[in-house]
Amino acid sequence: MSAANDIPAVRVWQLVKRFGDHTVLHGVDLEVRPGETMVIMGGSGCGKTTLLKHMIGLLSPDAGSVELFGSRLDELDEDGLDALRRRFGVLFQGGALLTSLTVAENVALALEEHTDLDAETIDIIVRIKLEQVGLREAAGRMPSELSGGMRKRVGLARALALDPEILFYDEPSAGLDPVTTAEIDELIAGLTRKLGVTSVVVTHVMESAFRIADRMAMLDAGRMLKIAPRADFEAIRDGEPTGDEQADLIRQFLRGDAEGPMSARRTLDGYEQDIMRAAEGG
Amino acid sequence: MASTHRRNAVEFLGAKLLGGLRWAGGLSLLGRETLRWAGRGVVHRRARLRRGTLSAQMVRVGVRSLGVVFVVQSFIGAILALQMAAPLAQWGQESQIPRIVGAAGFRMLGPIITAVVLSGFAGASIAAELGTMVVAEEVEALEVMALNPVRFLVLPRVLATFIMMILLTVIADLILAFGGYAAAWAALGPDVYRGYWDRMRDQLAYMDFFTGLIQGGVFGLLIGLIACFEGLGVRGGAQGVGRATTLTVVYSIVAIGAAALVCTMIFYAFGL
Ligand SMILES: Nc1ncnc2c1ncn2[C@@H]1O[C@H](COP(=O)(O)OP(=O)(O)O)[C@@H](O)[C@H]1O
Ligand SMILES: [Mg+2]
């Protein structure tokens with residue numbers, strides 16, 4: 001392998017993030033290798049979106065650092081960051097299409113703004129991108145006329161417009177029915193295979209996670225519990241409880257069981273909060 | 001007890017003042033960014049506004065306000081004429097009515113009332129639009145596509161409110177003058193309405209008109225900036241959007257009042 005391939009596509013180091021006095025990320029580490037699909041799992045509110053937004057330069061860390069392609073985001077100026085942003089694409093949770101533009105205009109936006117291509121060429125590229133997500137016939141429609149799943153596909157086509165090296169996905173299957181979820185997963189896996197892009201996917205839907213992941217990372221209450229190949233997580237999921245608190249917690253999450261260390265902790269938290277509230281009231 | 005109350009009141013006022021300063025600081029930062037992108041757009045082809053965005057924003061900002069400006073300003077013109085008729089009649093100076101309509105209307109009521117109307121229509125709708133975009137992560141989507149939201153969203157909207165405020169002020173002045181004429185014709189007799197237009201032209205200085213336009217432009221900039229600032233600052237879903245629209249109108253009206261005072265002081269100091 002060449003030297004360039006030794007540089008991780010994404011490197012998160014000891015990332016700490018606070019909102020007010022609420023610490024959301026407690027020193028998170030993560031490396032994503034070029035070409036792999038990394039799935040970050042975790043319950044809602046555990047900090048997945050916050051972590052993702054650091055990786056794409058929308059949030060800046062209180063401590064620690066984020067590197068893309070070997071350059072630290074906090075050391076880049078505005079133009080440097082913009083140059084880097086042309087090398088990755090992001091699919092937001094709801095698609096985040098500009099509602100005032102048509103589907104085709106949404107996909108064409110970055111091409112018009114960042115390249116010198118003429119209108120005809122852009123038109124062809126837009127059609128190719130829409131074809132890749134199976135939506136060529138929707139080009140002239142407005143985002144408001146599309147279903148949730150279609151909007152995400154268009155969002156994906158838009159993210160693909162500049163032929164990115166990394167694709168970031170925030171909850172690609174949230175709010176979709178199981179069949180549409182499977183289709184989107186298929187799309188993600190297919191794009192990774194065909195285009196050789198690196199993918200970072202945040203999700204709490206386990207079927208999706210196991211369908212698309214090469215490696216998986218388990219985030220819990222702002223801490224990284226485990227990063228391992230998919231097979232390791234499958235083994236935990238399909239194995240018996242071990243008595244090890246951490247492994248059992250992961251196992252419960254992967255299986256979606258109602259009983260386990262996770263629920264025990266939740267009851268405990270609730271108890272603490274009740275006491276705190278009583279103390280404040282008194 | 002009384003001293004704690006007083007301290008609480010001082011703390012409250014202090015916190016309000018600090019909040020106000022922070023708000024004004026944020027607003028002027030956005031203003032500076034907008035100016036920077038306007039400058040970059042003049043220099044770099046790459047940073048220009050997309051074709052059609054400015055005109056679309058101007059139509060959206062201006063058209064809805066036009067009807068209300070029409071109605072309200074014709075009332076104001078009539079009110080000015082009628083209100084000044086009695087005191088001026090005491091000194092036999094009814095012929096000065098066109099001058100009063102022009103001075104009070106063109107300098108102050110034309111731009112101010114138009115700005116209030118515009119903040120209610122255009123300001124509120126810009127804040128709601130941008131707030132909804134924030135909630136739907138559209139603004140972040142622009143950022144990660146390396147499309148600066150200030151250049152892409154704020155600049156065309158602020159330019160549109162600026163230009164449309166100036167145009168609407170011209171229209172408001174015309175309608176005001178007609179309102180005054182109509183009132184004079186209907187209620188005040190031939191001494192007033194005969195030669196109304198000639199006297200208006202003779203008695204008014206160009207500055208009565210231009211100071212109004214300058215203020216209109218300032219108000220337009222403020223409305224656009226405040227609406228964008230509040231819209232882009234939305235946190236927490238639909239509730240946040242509703243709050244931003246209300247605050248936009250309230251803050252705009254306060255800012256319009258403050259800016260009118262500052263402008264008037266400057267015009268006064270320079271004898272304009
Ligand atoms: N901008 C923000 N301001 C304050 N708190 C935030 C903000 N963004 C996220 N949070 C809080 O951070 C925690 C993690 O949020 P998030 O990363 O969205 O979780 P997830 O995506 O895993 O569901 C939540 O408790 C959320 O309330
Ligand atoms: Mg999330």
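Predicted model: local features only at pLDDT ≥ 70, side-chain atom pairs only at ≥ 80, totals over all residues.
1. Overall form of chain B. Chain B contains nine helices and zero strands. Read from the N terminus, its order of elements is therefore α-α-α-α-α-α-α-α-α under the assignment by DSSP runs. Along the principal axes, the C-alpha atoms of chain B occupy a box of roughly 65 × 65 × 35 Å.

2. Extent of the interface. On the side of chain A, 25 residues are in contact with 21 residues of chain B. The two chains bury about 1900 Å² between them. Of this buried area, 49% lies on carbon and sulfur atoms.

3. Charged and polar pairs across the interface. Side chains of opposite charge can pair when their charged atoms come close. Between chain A and chain B, six salt bridges are found. The interface also holds six residue pairs in polar contact, with both residues at pLDDT 80 or more. 

4. Make-up of the chain A side. Three elements of chain A each give two or more residues to the side that touches chain B: α2 (78-85), β6 (88-91) and α3 (103-114). The largest share comes from α3(A), which contributes five residues. Sorted by class, this side of chain A has 10 nonpolar, five polar and 10 charged residues.

5. Two salt bridges in detail. B:Arg40 and A:Asp79 meet through their side chains in a salt bridge, at 3.6 Å from N to O. A salt bridge also links B:Glu137 with A:Lys53, where the closest N and O atoms are 3.2 Å apart. B:Glu137 sits in the loop between α3 (97-135) and α4 (138-144) of chain B, while A:Lys53 belongs to helix α1 (residues 48-55) of chain A, so this pair joins two chains. Over all chains, the whole structure has 29 salt bridges.

6. A nonpolar patch on chain B. Which residues form the nonpolar patch on the surface? The patch is formed by B:Tyr206, B:Met207, B:Phe210, B:Leu261, B:Val262, B:Met265, B:Ile266, B:Phe270 and B:Leu272. Together these residues have about 950 Å² of accessible area.

7. Origin of the patch. Helices α8 (206-232) and α9 (237-269) of chain B each supply at least two residues of the nonpolar patch. The greatest contribution is that of α9(B), with four residues. B:Phe210, one of the patch residues, is located in helix α8 of chain B.

Key: Residues numbered from 1 in each chain as written. Chains lettered and ligands numbered in written order. Heavy atoms only, no water. Contact = heavy atoms within 4.5 Å. Buried area = accessible area lost by both parts, 1.4 Å probe. Salt bridge = Lys/Arg side-chain N within 4 Å of Asp/Glu carboxyl O. Polar contact = N/O pair within 3.5 Å; in protein donor to acceptor, adjacent residues only side chain to side chain. Nonpolar A, V, L, I, M, F, W, Y, C, P; charged D, E, K, R; others polar. Patch = residues over 30% accessible without salt bridge, like charges linked within 9 Å, V, L, I, M, F, W, Y side chains within 5 Å. Areas by Shrake-Rupley, 256 points an atom, 1.4 Å probe, with all protein chains shown as cover.
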